[in-house]
Amino acid sequence: MKAVAMPTVSRVAVCGGTHGNELAGIYLVREMLKKRADGTEPVSVVTVMSNPRAAQLCVRYVETDLNRCFTRAALSAPVSETSPYEMVRSQELNALLGPKASMQAVDLLCDLHNTTANTGLCLITYSDRDWICLHICKHLEMASTPVRYVHFDIPLNEAYSLDSVGKHGFAMEIGPQPHGVVRSVIFSAMQEGVQLMMDWICQFNSGTLFEGGWVDVYTMVKNIDYPRDSETHVITAAVHPDLQDRDFCLLHPGDPMFLCFSGETLRYRGKEALYPFFINEGAYYEKGVALSLARKRRVQIPSVHIY
Amino acid sequence: MSSRTNVSCLHEARRVAIFGGTHGNEMSGITLVNMWKQNSAEIERNGLLIKPFISNPKAVEKCIRYIDTDLNRAFTPENLSAPDVEGRLYEVQRAKEINRMFGPKGSSDAYDVIFDLHNTTSNMGSTLILESSTDLFNLQMVHYIKKAMAPHTCLVLLNEHPQLKYSTTRSVAKHPIGLEVGPQPQGVLRSNVFESMRTILKHALDFIEFFNSGVEFPPCTIDVFRVQERMDYPRDTNGNITAMVHPHLQDCDWEPLNRGDPMFLTFDGRTILYEGANTVYPTFINEAAYYEKQQAFTTTCREILAANAIRKAFK
C-alpha cells in the first residue's frame with residue numbers, strides 16, 4: 001500500500017464520565033485536570049468530564065444515556081428547559097468539541113469507558129479505514145494489556161456516541177470493572193493507554209513515519225438478547241458459565257450461550273462462528289443485549305506521516 | 001454420645017422468609033425471589049411456611065441500591081417506632097411495613113428465620129453473615145450449610161461489633177441470616193453466583209426441615225471472621241478518594257494482611273502500607289456501595305465459636 005500523508009493531530013480531547021459510574025475514566029480525567037498544561041506541549045489536549053451530574057451521583061445517566069445523544073438528529077433537535085439533561089449536554093459537548101462533521105471539530109476524541117464485561121482493552125469506533133485510529137491501535141499493542149479494534153459499521157450521521165464528534169475518534173473501553181468501582185489495575189491500564197496514544201500523536205506530529213501493517217478488526221454483526229418470559233419480559237436465563245468472561249473467544253454453532261433457571265442450556269444457533277464481546281454488560285440489560293457478536297478480519301493499513 | 005443436659009432445646013422454626021432486593025441492584029436475590037414467587041416448588045418444605053419477598057420493590061424497579069436511604073440500615077428502634085408522617089423517607093416507611101409483616105422485631109410474633117440475599121462487588125465468595133455469636137440455631141445452621149456445600153467454600157462473617165453493627169432488614173426475625181455472594185457487579189446476574197446462592201438456600205431449608213422433624217444436631221465448632229474495624233480510602237479535603245485499593249490487596253478477601261503489606265495505591269503511583277500491629281483478615285474489599293460509607297475494606301479477626309447440641313423442644 002502507498003504511504004498516506006495526513007494532517008497533524010493537533011487538537012485532542014480526552015473525555016471521561018460520559019457514563020457517570022464508569023470510574024477509571026472519571027478519576028483519570030480528574031487527575032489530568034489537576035496537572036495544568038504549561039503551554040509547551042506539542043499537542044493541545046482538552047480534558048472533559050462529559051456528564052458531571054451523573055458522575056456526581058455515580059449513575060450511568062440522569063435522564064437518558066448521554067452516549068446515545070450524538071446522532072445528527074439529536075444534535076440538531078431543539079432543546080428547552082424541559083429537555084432531558086443529557087440532550088442539552090450533548091449539544092454543549094458538540095459545541096465545545098465539534099461541531100460534528102465540521103472543520104472546527106477536534107482532530108481526535110478519545111472517550112474513556114469501562115464495562116462489566118471481560119473485554120480487556122478495546123478501541124471502539126465507526127470506521128475500519130480510519131488510519132489514525134488503526135495506527136494508534138497498532139501502537140497500543142505494546143501496552144501491557146492486549147488491545148483489540150472493534151468496529152460498528154454505522155454511517156456518521158447515525159453514529160450516536162461522543163467519539164463520533166471528533167474528526168477521528170474512538171471509545172477506549174476497558175473491562176472488567178463493576179460500575180461504581182475503580183480497580184487499580186484497570187485505572188493503570190487506562191492511564192497507560194492514554195499515554196501511549198499521546199506518545200503516538202506526538203511522534204506523528206513531529207514527522208515520524210509509521211510503517212503500515214496489519215490490524216485485526218472485529219466488526220459488530222448482531223446483538224443477542226437474553227431469553228425472556230413472553231408475558232412479563234423478565235429474563236429466564238443467565239449467560240452460561242462456559243461463555244461468561246470469554247469475550248473475543250470464538251463462539252461456534254452449538255456452543256452453550258445461556259443457562260436457564262430451569263436448568264436447560266440454550267446454545268448458539270447461528271450458522272457462522274463469531275466473536276462474542278460485551279458479554280454480560282450490566283448497562284445493557286435494559287437495552288436488550290446479553291452479548292454482541294463480531295466477525296474478525298485482517299485489515300491492511302498504509303504507512304502514515306504528516307504532510 | 002451427648003449428655004441430655006447439654007442439648008439445647010429450641011422452638012420449632014415454622015415461619016421462614018427469603019428476602020431479595022433489599023438492595024435493588026443485587027441481582028441474585030431479586031431473580032431467585034421473583035422466580036420462587038412465581039413457582040415455589042423448589043423452596044417448599046414439610047410443615048414450613050416459606051415466604052419469598054422483595055424487600056425494596058421501588059429500588060428493584062429502578063435497579064438501584066435504594067431510593068432515599070439504605071433499607072439495610074433502616075431498622076433502628078427510632079425508625080421502627082416513628083409515627084407515620086407524610087414525606088417520610090421511602091425506606092423508613094418500608095422498614096415499618098416490613099416490621100409489621102415479619103416482626104415486630106424483638107417480639108414472639110416475629111418470623112423465626114429471615115434469609116436476606118445480597119451480592120457484593122468484593123471477591124468474598126459465598127459468605128454467611130451472623131449478628132450474634134450465641135444464637136445456637138444459627139450457629140448450627142451455618143455449620144450444616146458449610147458441610148453441605150463442601151468442597152465449595154462458605155465462610156462466616158460475624159458482625160457483633162457494638163459500633164459497626166447495623167440495623168439490618170433481617171434483624172426483624174428471631175434468627176437473621178445474611179447471604180452475601182460475590183464478586184458480582186451491581187445490575188449484573190452471573191450464573192455461578194446465582195446457582196451458589198440457590199444451593200446455599202436449598203441446604204438452609206433442608207436444615208430447618210430436619211430440625212423441625214426432631215433431628216438432634218451434635219455440638220460443633222464454627223470458624224468465623226469477626227468484624228473489627230472499617231478502613232476508609234485516603235481522601236482529600238473535598239472528600240474525594242486519593243488512592244485505590246492496591247493491586248496486591250484487590251480480590252484478596254479473607255487473606256491475611258500484615259503490617260507492611262501494600263494497602264492502597266495513590267492515583268500518582270505511591271503505595272500506602274498497612275500499619276496495624278496485628279494480622280487482620282480484610283473483607284468487603286472494594287465494594288461499590290461502600291465508597292459513600294467511607295469503607296474501602298473491613299478488617300476481621302479469626303475466631304472459633306462453639307455451639308451446643310440442639311434439638312427441637314417437645315411441646
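These legends describe close-up views of a predicted model.

**View 1. The open sheet of chain B.** Nine strands of chain B form an open sheet with mixed pairing, in the order E3-E2-E4-E7-E5-E6-E8-E13-E12. Its edge strands, E3 (49-54) and E12 (281-283) of chain B, each pair on one side only. From one strand to the next, the twist averages 30 degrees.

**View 2. Pairing of strands E8 and E13 in chain B.** Strand E8 (residues 220-231) and strand E13 (residues 297-307) of chain B run antiparallel and are joined over eleven bridges. B:Met231 has B:Phe297 of E13(B) as its bridge partner.

**View 3. Helices against the sheet of chain B.** Helix H1 (residues 27-38) of chain B lies across E2 (15-20), E3 and E4 (113-119) of chain B, at about 125 degrees to E3(B). Helix H5 (residues 136-149) of chain B also packs on the sheet, and the strands it touches include E5 (125-130), E6 (154-158) and E7 (175-182) of chain B. The direction of H5 makes about 100 degrees with that of E8(B).

**View 4. The interface of chain A and chain B.** Contacts involve 27 residues of chain A and 27 residues of chain B. The two chains bury about 2300 Å² between them, with 58% of it on carbon and sulfur atoms. On the chain A side, A:Arg183, A:Ser184 and A:Phe261 lose the most area to chain B, together 25% of what that side buries.

View 5. Two salt bridges are found between chain A and chain B. The side chains of A:Arg183 and B:Asp251 form a salt bridge, at 2.6 Å from N to O. Helix H1 (23-34), helix H6 (184-205) and strand E9 (237-239) of chain A each give two or more residues to the side that touches chain B. By class, that side of chain A has 14 nonpolar, eight polar and five charged residues.

Methods
Residues numbered from 1 in each chain as written. Chains lettered and ligands numbered in written order. Predicted model: local features only at pLDDT ≥ 70, side-chain atom pairs only at ≥ 80, totals over all residues. Heavy atoms only, no water. Pairing = 2+ DSSP bridges. Helix = DSSP H or I, 4+ residues; strand = E, 2+ residues; numbered from the N terminus. Axes fitted to C-alpha atoms, helices over the stretch in contact; angles between N-to-C directions. Contact = heavy atoms within 4.5 Å. Buried area = accessible area lost by both parts, 1.4 Å probe. Salt bridge = Lys/Arg side-chain N within 4 Å of Asp/Glu carboxyl O. Nonpolar A, V, L, I, M, F, W, Y, C, P; charged D, E, K, R; others polar.
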